[in-house]
Every structure is written in C-alpha cells, then in structure tokens.
Amino acid sequence: QGGRKRQLDDLTEIMKFVDPVFYNYLEAKESGNLFFCFRWMLIWFKREFNYSNTLTLWEVLWTKKPCKNFHLLVCAALLDTEKSAIVENKYGFTEILKHVNDMSHRIDLQKTLAKAEGIFESLKMDKTVSDKIVHILGLTPPKPTSYNQEDVHNENGNLIVFSPGNSVGQILLVPAAPLLTTRLEMDEDQNMENSLNPFL
C-alpha cells in the first residue's frame, strides 16, 4: 500500500506540471489524490487490456525506456485522453471513478503509448521541470545546442541549426564565415601540395 501511495503522489506531481488546469479541476471535485487511478497501478493495467495488449504493455514497461516509471506517463496519457469527457460532463468524484472503471478494454494501446512518449519528450526538453519530476522519471538535462562543419547548410551557405529551446523547436540560420576554409578546400590544397612535392 505504501508503494502505491508513493506512486500516486508521483503521478500527482507530474499532473500538476503537465496539466495544472485539469489537475485543479480534479482537486475541486475531491479527486486530487488520484485514487481513481489506483487500479491502473495495482497490477500494471492488467484489467484495462486483453491478454495480448497487456503483454505488449508490460514488455514496454520492463525495458524501463524511454524512462523509469514510464507507467506514470501512461497514466497521464490516459487522463489527457479522457479529460474532455470528464470536464465537459462536469463529473464529480463518483462519476470520475465510474468513468475510469468503464474504460476497461476500450483503450487504444498504441495511441496511448505514443501520447505517453510525447509527454516524456516534452518533459525531457523543458528546462523548467522540477527536480522532483527529474528524479521520478530519471530525466537528464537537455544538451546545449552546438554545431560544426558537418551540420547542414542551405543554398546560401548559411548553417541550419535546430534549437530545442521550446516545445516546437526553432530553426536558426547562422551566417557562413566567408574566410572559413572548408574541408573540401583543405583536401584540394593538400592534393596540389603533394603534386608539387613528389618527395613528400
């Protein structure tokens, strides 16, 4: 029981960050503790899928990729899928619990996994993620953008750099240095030097 309570607390921390508006709704409906998600964590969604899909999901979770505690992001993905129905129908505690229980065997596993991975990618690139979520999911800080001569150039010779500074990314154009000696020019110079100096 203690382990399940900790996982619910961890899921609460994630939901507060990824969808604070929806979490505030749940809290206002006396569901902020997310106890209605308890059955998902009890036996890793076994009651929600048929045998084949359950094994597929478990195999994903056993890999601990793309992060540890990935099942928490699967929970977040399911809540994101169902939030419209919950909010639009103004469900309270009892209705939310019933709605979640009625989801059994009606969940699209592949879409849910894709959405969970999308949440992971967003969190991984977000520099404002709390240290607690970083610890829960085992996230690593985003790498700084860098570039070199092997990066892609456009037809004007400008360097094209992808910057993960926000959720949609940003394309930056770095003007090419006119005096920069390219690798091709260096190779041509070396070939000419070799032809003029046969003893090298």
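Tutor: The buried residues of helix H7 are Leu109, Thr112, Leu113, Ala116, Ile119, Phe120 and Leu123. Buried here means under 20% relative accessible area, exposed means over 50%, and partly exposed is in between, with a 1.4 Å probe and protein chains only. Viewed down the axis of H7, these buried residues fall within an arc of 120°, so they line one face of the helix; the arc is that of the directions from the helix axis to the C-beta atoms. An α-helix has 3.6 residues a turn, so residues three or four places apart point the same way. The exposed residues Gln110 and Lys111 sit on the face of H7 turned away from its buried side.

This is a predicted model, in which local features need pLDDT of at least 70 and side-chain atom pairs count only at pLDDT 80 or more, while totals for chains, interfaces and linings use all residues. Residues are numbered from 1 along each chain as its sequence is written, and side-chain values use heavy atoms, with hydrogens and water left out.

H7 spans residues 109-125, which makes 17 residues. Helices are DSSP runs of H or I with at least four residues, and strands are runs of E with at least two, numbered from the N terminus. From its first C-alpha to its last, H7 reaches 25 Å, close to the 24 Å expected at 1.5 Å a residue; the expected span is 1.5 Å times one less than the number of residues. At the N-terminal end, Asp108 caps H7, with a side-chain oxygen 3.2 Å from the backbone nitrogen of Gln110.

Ala116 counts as buried because its relative accessibility is 0%. Apart from neighbours within four places in sequence, Ala116 is in contact (heavy atoms within 4.5 Å) with Phe70, Leu73, Val74 and Ala77. For Ala77, which is 39 residues from Ala116 along the chain, the C-alpha to C-alpha separation is 5.1 Å.

Methods:
A polar contact is a pair of N or O atoms within 3.5 Å; within protein, one must be able to donate a hydrogen and the other to accept it, and residues adjacent in sequence count only if both atoms are side-chain atoms.
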